[in-house]
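Here is a friendly briefing to read with the model open beside you. It goes from the whole chain to its sheets and then to its helix pairs.

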Amino acid sequence: MASSAVKLANPNAEVLRRGDALAMNIHSARGLQNVLQSNLSPRGTLKLLVDGANQLTLTKDGKVLLSQMQITNPVAVMIARAATAQDDVAGDGTTGLVLLVGELLKQAAVYVEEGLHPRVVTDGFDAAKAEALRFLEQFKTTAPMDRELLCSVARTALRTKLQDSVAAQMTEAVVDAVLAIRQPGQPIDLFMVETMKMQHRTATDSRLVRGLVLDHGARHPDMPKRLQNCFVLTLNVSLEYEKTEINSGFFYSSAEQRDKLIESERRFVDDKLRRIVDLKNTVCSGADKDCGFVVINQKGIDPMSLDVLAKHNIMALRRAKRRNMERLQLCCGGVAQNSVEDLTPAVLGRAGAVYEHALGENKYTYVEECRDPRSVTVLIKGPNGHVLQQIHDAVRDGLRAVKNAIEDGALVAGAGAFQVACRQHLLRPEFLHTVRGKAQMGIRAFAEALLVIPKTIASNGGYDPMDVLVALEDEARDGHIAGIDLNTGDVLDPAQEGIWDNYRVLRQQLHSCAVIATNLLHVDEVMRAGRASIKAPNPGEE
């Protein structure tokens with residue numbers, strides 16, 4: 001009835017009815033699941049994406065894959081958008097969410113094909129989701145988030161994206177970066193952690209800089225390249241001649257008048273420079289006479305002004321990025337100035353060392369050895385762009401994982417331990433008896449779908465999923481928390497091995513997978529009947 005009405009309104013519409021629509025939804029979700037399932041766990045494989053310009057992306061990050069893959073199937077697009085939203089909310093868990101959605105639809109299809117109405121299955125999904133979230137509250141581990149525990153969280157997140165040697169190198173850098181910017185009573189702002197990519201040496205040379213790294217250097221050859229025990233002046237003042245914001249003209253009738261005009265324009269800039277030089281002479285005197293003086297300006301500095309600053313042994317950087325101005329104040333102290341009228345020593349920051357590092361034609365300026373920095377830089381090094389981008393994506397996930405652990409104050413045992421324990425909890429007769437009728441089938445489907453995570457982890461590790469599952473279920477039946485040991489294929493205690501998942505990631509996964517699967521099961525028609533399909537065919541076409 002509905003499809004015929006659509007056809008009547010738009011003869012060019014494409015309509016899929018009931019069984020066909022449900023089959024398409026399930027096949028689409030399963031197809032996306034098959035693409036991503038080999039990426040899960042530290043033993044997961046990489047994907048090589050090639051875009052229209054033949055640019056290559058080498059990654060196993062689910063968010064990157066779903067964002068850059070060209071997906072045309074409408075159901076797969078919907079799942080991909082929901083999974084990337086999972087990353088935006090919780091910082092991780094995109095691959096796991098896609099696997100859970102695909103497996104939920106696969107398990108539901110078994111009962112739907114036997115005649116069970118999809119609405120009954122989704123009622124079971126809702127009941128199972130609510131109980132799984134309650135079980136997650138009981139299963140989570142609440143503990144003080146000390147540095148050692150946070151290192152375990154970061155290591156777990158990084159090893160799923162990087163090689164073990166690189167993950168071990170970056171673990172402490174990620175944890176120390178978050179602890180450095182953390183302020184009691186305030187939310188953690190990860191934008192205060194700068195990630196600077198430098199194509200140089202190897203990935204294991206990446207490190208944490210307790211300060212700031214700027215991607216440009218001084219613009220005058222005679223300026224000092226390295227200064228110790230520096231005063232840092234942060235400015236947002238133009239030190240060059242600027243055109244007026246309105247259309248205006250200056251007219252002169254002789255060369256003398258022209259010279260006076262140029263001199264007055266130059267005097268305007270020179271007065272600003274004089275105030276900066278006077279401040280430098282004031283602070284770099286007496287016991288601090290050997291101290292350096294650095295000016296970092298958000299606006300421009302013309303060549304003549306650079307020459308004046310170089311003659312007074314001042315290192316000056318111009319056109320610094322706006323985001324770095326706030327970071328400079330947090331790592332060095334001091335106050336950014338929008339005018340040079342009221343410069344005092346109180347507005348200056350301090351840094352133990354400021355130096356320039358040249359790498360080919362590129363120059364980098366390091367601001368290091370700061371007192372109690374509240375903004376830091378994760379310096380990422382690697383031999384090529386693919387490695388740099390891969391580490392950058394992993395560091396982003398590691399920073400979010402540490403931040404989530406601190407804010408949640410709780411963790412969940414990883415390596416598939418939660419999914420196995422939650423399945424056994426959902427299949428307990430005590431819980432199943434609370435749900436009457438055929439909705440119990442939906443609960444069983446939800447419980448079996450959770451096992452896709454440990455199955456995939458075992459399969460990607462090169463082990464037989466059924467053997468691993470039997471061992472995990474035996475341990476869980478005895479009341480033990482057991483995960484998968486990817487080195488041996490046996491079971492292990494995730495808490496003792498330091499394998500932890502974020503509480504909020506799993507909570508968001510459980511909620512989102514049930515909602516997405518429910519919506520897709522409720523679809524009984526798929527109609528391609530937009531305005532584009534109403535257009536008349538081109539001349540000559542039938």
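This is a predicted model: local features need pLDDT of at least 70, side-chain atom pairs count only at pLDDT 80 or more; totals for chains, interfaces and linings use all residues.

The chain holds 19 helices and 18 strands, and its radius of gyration is 30 Å, whereas a compact globule of 542 residues would have one near 24 Å.

**Overall dimensions**

- Taken along the principal axes, the box filled by the C-alpha atoms of the chain is roughly 95 × 70 × 40 Å.
- For orientation, the elements discussed here come from a total of 19 helices and 18 strands.

**The three-strand sheet**

- Three strands make up an open sheet with mixed pairing, and their order is S5-S13-S6.
- Strand S5 (193–199) and strand S6 (207–209) are the edges; each has a single partner strand, so one side of each has no neighbour in the sheet.
- On average, and with direction ignored, neighbouring strands in this sheet are turned by 30° against each other.
- S6 runs antiparallel to strand S13 (residues 376–382), and three bridges join the two.
- To find this pairing by residue, look for Arg207, which stands opposite Leu379 in S13.
- Helix H8 (residues 164–181) lies across S5, S6 and S13, and the angle at which H8 runs to S13 is about 160°.

**The six-strand sheet**

- Another open sheet with mixed pairing is formed by six strands, and you can trace it in the order S7-S12-S11-S8-S9-S10.
- Strand S7 (212–214) and strand S10 (314–317) are its edge strands, each pairing on one side only.
- From one strand to the next, the twist averages 35°.
- Three bridges connect S7 with strand S12 (residues 362–368), and the sense of this pairing is antiparallel.
- Helix H9 (residues 255–283) lies across strand S8 (226–235), strand S9 (292–297) and S10, and H9 runs at about 150° to S9.

**Helix H6 against helix H13**

- Two packed helices are described by the distance between their axes and the angle between those axes.
- For helix H6 (residues 118–139) and helix H13 (residues 417–426), the axes come within 10 Å and cross at roughly 125°.
- That angle makes H6 oblique to H13.
- The crossing in which H6 passes H13 is right-handed.
- On the H6 side, the contact is made by Ala128, Glu131, Ala132, Phe135, Leu136 and Phe139.
- H13 contributes Ala417, Phe418, Ala421, Cys422, His425 and Leu426 to the contact.
- Sorted by class, the residues of the contact between H6 and H13 are 10 nonpolar, one polar and one charged.

**Helix H15 against helix H16**

- Helix H15 (residues 439–450) and helix H16 (residues 452–460) have axes that come within 5 Å and cross at roughly 25°.
- Angles under 35 degrees count as roughly parallel, and H15 and H16 are therefore roughly parallel to each other.
- Their contact brings Glu448, Ala449 and Leu450 in H15 together with Val452, Ile453 and Pro454 in H16.
- Five nonpolar residues and one charged residue make up the contact of H15 with H16, with no polar residue.

Technical notes:
Residues are numbered from 1 along each chain as its sequence is written. Side-chain values use heavy atoms; hydrogens and water are left out. Axes are lines fitted to C-alpha atoms, for helices over the stretch in contact, and angles run from 0 to 180 degrees between N-to-C directions. Helices (H or I, at least four residues) and strands (E, at least two) are DSSP runs, numbered from the N terminus. Angles under 35 degrees count as roughly parallel, over 145 as roughly antiparallel, 65 to 115 as roughly perpendicular and the rest as oblique. A crossing is left-handed if the near helix is turned anticlockwise from the far one by less than a right angle, and right-handed if clockwise. Contact means heavy atoms within 4.5 Å. Ala, Val, Leu, Ile, Met, Phe, Trp, Tyr, Cys and Pro count as nonpolar, Asp, Glu, Lys and Arg as charged, and the others, Gly among them, as polar. Two strands pair if DSSP finds at least two bridges between them. The radius of gyration is taken over C-alpha atoms; the globule rule is 2.2 Å times the number of residues to the power 0.38.
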